[in-house]
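Please look through the structure shown here with the following notes alongside.

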Amino acid sequence: MKDLFTEKQLNPLASIEDWEDDLLKRYPEETKEKEEYRNYEDSERVDTVREFYKLNHTYQTYDFVTQKEANFLKFDKKEMSLWEAVDFLNTLVDDSDPDTSLDQLQHLLQTSEAIRADGHPDWFVLTGFMHDMGKVLCLFGEPQWAVVGDTFPVGCQHSDKIVYPEFFQANPDSTDERYNTKYGVYEPNCGLDKVKMSWGHDEYLYQMMKDYLPEEALYMIRYHSFYPQHKENAYAHLMTEHDHEMFKWVDKFNPYDLYSKVPTPPDAKALRPYYEDLVAKYLPSTLKF
Ligand SMILES: [Fe+2]
Ligand SMILES: [Fe+2]
């Protein structure tokens, strides 16, 4: 991978948070005025976000996802406890403004603490705390556009409701007749479990967690970046009734992910015992990455 792409092509964003900041701009919190998000609109960031999507939409093909699955779903890269993984993830440093960017642990804790404050079940809190652990892929040398970004099905037509749909013109799948029809390799309403999604931190963590968490939690992890469905409803034709039922949980999760930034950061040290117990309740002591 590293030989094929320049550093700029691997990592166009100053920070992987820039994708999430762009989501906030696209999907502002309803109670807030669009005005408040103006500060995200500096033109340099808009350019790098565009570049990021261009690469993502060009290279995330059916074959690309198949290759990434074959490599990363062996889980032979590293063995870590969840806490070691959190520390590891926190070594992901951003070049962007250090005043505004939170470290990864803070984003996870702010998400999970907001869920806990609303009195949700403990597995929901744990899901908030873990949901972005798959971003360790960045630390295994993966390009940003193969770790974060809105996810979408591969193997069938790209919806024009996906952000920057014009960039799919450069994706070889869009001229491959196996993959460029409405259903492509899938059957109507076959269920999302049969659908290959563009590769990133969602699917990777889902595959790691699938034996340990309730189904609702697994849907939240697996589809939290699937904005083309949970915000735009662009792929209902591939979903079952059961998928729709479960997406109520994906919808419930999304505001905690996007809008949980608080002015006073949670005290990670004080919270650690609570999260240690929670992790021990559901997960084995070491995880294979
Ligand atoms: Fe995420
Ligand atoms: Fe997140």
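**A helix, a helix pair and a loop residue**

In helix α6, the buried residues are Gln-104, His-107, Leu-108, Leu-109, Gln-110, Thr-111, Ser-112, Glu-113, Ala-114, Ile-115 and Arg-116. The model is a predicted one. Because 11 of the 14 residues of α6 are buried, this helix is largely enclosed by the rest of the structure. The cover over these buried residues includes α5 (82–89), α7, α11 (241–259) and α12 (268–282). Helix α6 runs over residues 104–117 and spans 20 Å from its first C-alpha to its last, close to the 20 Å expected at 1.5 Å a residue. After α6 comes Gly-119, with a positive phi near 75°.

Helix α7 (residues 122–130) also packs with helix α9 (residues 215–223), at an angle of about 20° and with the axes 10 Å apart. Angles under 35 degrees count as roughly parallel, and α7 and α9 are therefore roughly parallel to each other. The crossing of α7 past α9 is right-handed. On the α7 side, Trp-123, Phe-124 and Thr-127 meet Ala-217, Met-220 and Ile-221 of α9. By class, this contact has 5 nonpolar residues, 1 polar residue and no charged ones.

Thr-61 lies in the loop between α3 (43–59) and α4 (62–72). It counts as partly exposed because it has 19 C-beta neighbours inside 10 Å, whereas a buried residue needs 20 or more. Leaving aside residues up to four places away in sequence, Thr-61 touches Val-154, Asn-171, Pro-172 and Asp-173. Trp-199 is 138 residues from Thr-61 along the chain, yet their C-alpha atoms are separated by 9.1 Å.

Note on methods: Residues are numbered from 1 along each chain as its sequence is written. Chains are lettered from A and ligands numbered from 1 in the order in which they are written. This is a predicted model: local features need pLDDT of at least 70, side-chain atom pairs count only at pLDDT 80 or more; totals for chains, interfaces and linings use all residues. Axes are lines fitted to C-alpha atoms, for helices over the stretch in contact, and angles run from 0 to 180 degrees between N-to-C directions. Helices (H or I, at least four residues) and strands (E, at least two) are DSSP runs, numbered from the N terminus. Angles under 35 degrees count as roughly parallel, over 145 as roughly antiparallel, 65 to 115 as roughly perpendicular and the rest as oblique. A crossing is left-handed if the near helix is turned anticlockwise from the far one by less than a right angle, and right-handed if clockwise. Two residues are in contact if their C-beta atoms, placed from the backbone, lie within 7 Å. Ala, Val, Leu, Ile, Met, Phe, Trp, Tyr, Cys and Pro count as nonpolar, Asp, Glu, Lys and Arg as charged, and the others, Gly among them, as polar. A residue is buried if 20 or more other C-beta atoms lie within 10 Å of its own, exposed if 12 or fewer, and partly exposed in between; C-beta atoms are placed from the backbone. The expected span of a helix is 1.5 Å times one less than its number of residues.
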